[in-house]
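Visitor: Could we talk through the aromatic rings in this one?
Guide: Gladly; here is the model.

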Amino acid sequence: MKVARRSFDAVIVGAGGAGMRAAVTLAESGLKTAVISKVFPTRSHTVAAQGGVSASLGNSEPDHWTWHMYDTVKGSDWLGDQDAIEFMCKQAPQVVVELEHYGMPFDRTDEGKIYQRPFGGHMSNFGEKPVRRACAAADRTGHAMLHALYQRNVRANTQFFVEWLALDLLRAADGRVLGVIAMEMESGEITVFQAKATLFATGGAGRIYYSSTNAFINTGDGVGMAARAGIPLEDMEFWQFHPTGVAGAGVLITEGVRGEGGILRNASGERFMERYAPNAKDLASRDVVSRAMVTEINEGRGCGLNKDHVLLDITHLDAEVINKRLPGIREISIQFAGADPIKDPIPVVPTCHYQMGGIPTNYHGEVVVNGASVPGFYAAGECACASVHGANRLGTNSLLDLLVFGKSSGESMVEYIRKQGSSQDEIPQSEIDRSLARVDRLNTQKSGADVHQTRLAMQRTMQSHAGVFRFKDMLAQGVDKILEIEKQVLQTEIKDKSQVWNTARIEALELENLIEVAKATIISANARTESRGAHVRDDAPDTPEHPDGRDDANWLKHTLWFRENNRLEYKPVTLKPLTVDSVPLKKRAY
């Protein structure tokens, strides 16, 4: 198979917020920068982020980055690394103001400052009361962010390769990363993109679950490629289920709805969150709200004919406020739920939303394995694990993650590239052949499993065996099922091989990435015998010795899953911040 070659200083896989923020830094430093994306950059999944980006600007009331840091550590259920969390929260005001200067059209206060709204888990004065910290552009913040970053990249002459699928990471014999091999989706042309530094900013893999707020493009490509290249995956047992997906559709209803005053109600109209989180109520952390909703449904207080959802009520808000602050949400509710939120509550249910784990990195964006950085390899955004989100991510910290670590990884890459000089190493042919063999198998497979049916089996297994609540026997059974499904994935058949390009071929390659994520998730979850953040097991209940089911003596550590033999290793959580005192361990309550 003929393989073309292109050479760059830096190659970025993924054109969402993290990838494009890194590209700005690289391109504006005068480096030849390529960005590979499955979709047009402004259609990357960052576009779906609605509610805001967190920063302690204090535009509406007093705020401080140390309060933000405290909330993030607490939200992570103490599994987040406190050095990285301090770095992110301290950098937040600067990167948001930078984005504003790029042309981001934030909503404004009457004084002309960036408008900020409350969000779940964000509190003032170390947990005292909710604070306005989410910087918003109505309910289309991610959309506005992508356009601002894309325009800045056009100005900087970043080179985009649109509708290309990265296939595999290319490494030298000594482990250095030398670029990626990718396929143009329309023509099937395969090209080696050689680079002095490579960044994965490929987003999450929420499509391992049957019900998800994630777009169909969120297939864990970067995570899968890293796993196949021998890089471990960190904390993959932790998946956030967003409390408010449209019942029956999974489409996201931003937490900003509750930030603007929305109330969750059960079948009797009760504001039930007052029983689960007396202080924060509907703005408690996402895992807390999701479990409260599922408990209400399981105990028979759900709404609708099947009593399988609850209601998100904003009918008490002025119609002008809804149309100004939540116009997209009103449109989504009418289109997907058949309910105009000005007059009727929105039916909602917890839905898979965010991947807390990923490729292990430090806060410089460098991929780190066994305590050492992998030369030439960087990761940022949802595919990376810095780890700032730990066992549960706070809302609006995702967009902040993109900006802070997109920028820091870009700066690290600039420094690394300038030390490399002008020469580039030869890529081993065995690395290229390894990737080509995956494509060749799909072209020559005579019979095998159907791609769609195999993916569906994986998604239903993950939904049933590793959802909001997890059960010991179900997890063990899920591991066996996923390992059986993996065998089918490796024997999927493309029905129509006459076409050079078709959707089925791309979906088959994506499925090979998804199954790596599914394996890492359920094997890691089965092994972690405590409850922490989004990972809640029935056999690890809340007791005086183990508050919330957490076992700090044995499980205050990060999981590392290696693809080879599905091996698990562990490393300690970084409890020491960079400059301030640690946030001490305690029971997490809202």
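Visitor: Phe161, then: buried or exposed?
Guide: Phe161 is buried, with a relative accessible area of 6%; bear in mind that this is a predicted model.

Visitor: And Phe193, buried or exposed?
Guide: Phe193 counts as buried too, because its relative accessibility is 0%, and the cut-off for buried is under 20%.

Visitor: Which aromatic cluster holds Phe161?
Guide: Phe161 belongs to one aromatic cluster together with Phe8, Trp164 and Phe193.

Visitor: How many aromatic pairs are there?
Guide: The count comes to 17 aromatic pairs.

Visitor: Where do Phe40 and Tyr150 lie?
Guide: Phe40 lies in the loop between β2 (33-37) and β3 (53-54), whereas Tyr150 is in helix α4 (residues 141-155), so this pair ties together parts that are 110 residues apart in sequence.

Visitor: Why does Phe40 count as partly exposed?
Guide: Because its relative accessibility is 36%, which falls between the limits of 20% for buried and 50% for exposed.

Visitor: Back to Phe161 and Phe193: why is that pair edge-to-face?
Guide: Their ring planes stand at 80 degrees, with the centres 4.9 Å apart, so the pair is edge-to-face. This pair links distant parts of the chain, with Phe161 in strand β6 (residues 159-162) and Phe193 in strand β9 (residues 190-200), 32 residues apart.

Visitor: New topic: what lies over the face of Tyr590?
Guide: Lys74 does, at 4.2 Å from the ring centre of Tyr590. Arg460 likewise lies over the face of Tyr210, at 4.2 Å from that ring centre.

Definitions and conventions: Residues are numbered from 1 along each chain as its sequence is written. This is a predicted model: local features need pLDDT of at least 70, side-chain atom pairs count only at pLDDT 80 or more; totals for chains, interfaces and linings use all residues. Side-chain values use heavy atoms; hydrogens and water are left out. Rings of Phe, Tyr and Trp (its six-membered ring) pair if their centres lie within 6.5 Å; planes under 30 degrees apart count as stacked, over 60 as edge-to-face and the rest as tilted. Helices (H or I, at least four residues) and strands (E, at least two) are DSSP runs, numbered from the N terminus. Buried means under 20% relative accessible area, exposed over 50%, partly exposed in between (1.4 Å probe, protein chains only). A charge sits over a ring if NZ of Lys or CZ of Arg is within 6 Å of the ring centre and within 35 degrees of the ring normal.
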